[in-house]
Amino acid sequence: MKVGFNAGVFAEYKLSSLLGVQVEALYSLQGVNTKNTTTSILGNGEAIENLSTAYVNVPVLAKAHFGKLAVYAGPQFGFVASMATKYITGSDDSKKEQTDKIKAENYNAFDLSVAVGASYMLTRNIGIDARYNLGVTNVFAAKKDSDGNVTKEAYGKNGSIQAGVFYAF
């Protein structure tokens, strides 16, 4: 898991006092940290990979209101703004760090997720929000050889937990 932040704007259209549709535009930092450790007679070695991805996400949420509490669910359309990976490799005595931008052909620039969450109004204008985004599409594209044959299937789906504070006008 990797800690990141998100920020954005939202607008809600109320269909009734209980139901609404909320559309958001969010900038979200997402990613993953992985660590592999090896032990040999030469000492301990490790490889750490830190994948950092910035998305512009557009959730379209059906929202049900129960007083100050609201629950919602809906699709989230994500568009990659940037993606980079940092590798740290080495042993106890020496470590090497390398940062690379990931080539566009190695990942999908679009990410479809399902967002599920709840919000609670603390005051008339200030609220808190928590949600889980479950990825539907693969983040990394299938790899193909020069003849167009798939050498590695597409893999890796996003999943993120988000918590936040918001101000509603």
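In this short talk I will go through the strands, the salt bridges and one surface patch of the structure above.

Please keep in mind that this is a predicted model, in which local features need pLDDT of at least 70 and side-chain atom pairs count only at pLDDT 80 or more, while totals for chains, interfaces and linings use all residues. Residues are numbered from 1 along each chain as its sequence is written, and side-chain values use heavy atoms, with hydrogens and water left out.

Let me begin with the fold. The chain has zero helices and 10 strands, where helices (H or I, at least four residues) and strands (E, at least two) are DSSP runs numbered from the N terminus. Of the contacts with a separation of 6 or more, 58% are between residues 24 or more positions apart, a contact being heavy atoms within 4.5 Å. Buried residues make up 28% of the 169 residues; buried means under 20% relative accessible area, exposed over 50%, and partly exposed in between, with a 1.4 Å probe and protein chains only.

Now to the charged pairs. A search of the whole structure finds three salt bridges, each defined as a side-chain nitrogen of Lys or Arg within 4 Å of a carboxyl oxygen of Asp or Glu. In one of them, lysine 63 meets glutamate 12 at 3.5 Å, N to O. That pair links distant parts of the chain, since lysine 63 sits in strand S3 (residues 43-66) and glutamate 12 in strand S1 (residues 6-14), 51 residues apart. Lysine 63 counts as buried at 8% relative accessibility, whereas glutamate 12, at 28%, counts as partly exposed.

Which residues are linked in a network of salt bridges? They are Glu24, Asp129 and Arg131. Arginine 131 meets glutamate 24 at 2.9 Å, N to O, and this pair joins strand S7 to strand S2 (residues 19-40) across 107 residues. Arginine 131 also meets aspartate 129, at 3.4 Å. Arginine 131 and glutamate 24 are buried, and aspartate 129 is buried as well.

Finally, the surface. A nonpolar patch, whose members include Phe66, Tyr120, Ile128 and Val165, has about 1,100 Å² of accessible area together. Patch residues have over 30% relative accessible area and no salt bridge, with like charges joined within 9 Å and nonpolar side chains (Val, Leu, Ile, Met, Phe, Trp, Tyr) within 5 Å; the areas come from the Shrake-Rupley method with a 1.4 Å probe, and for residues only the protein chains shown count as cover. Strands S4 (69-91), S7 (126-140) and S10 (155-167) each supply at least two of the patch residues. Valine 165 lies in strand S10 and is exposed, with a relative accessible area of 66%.
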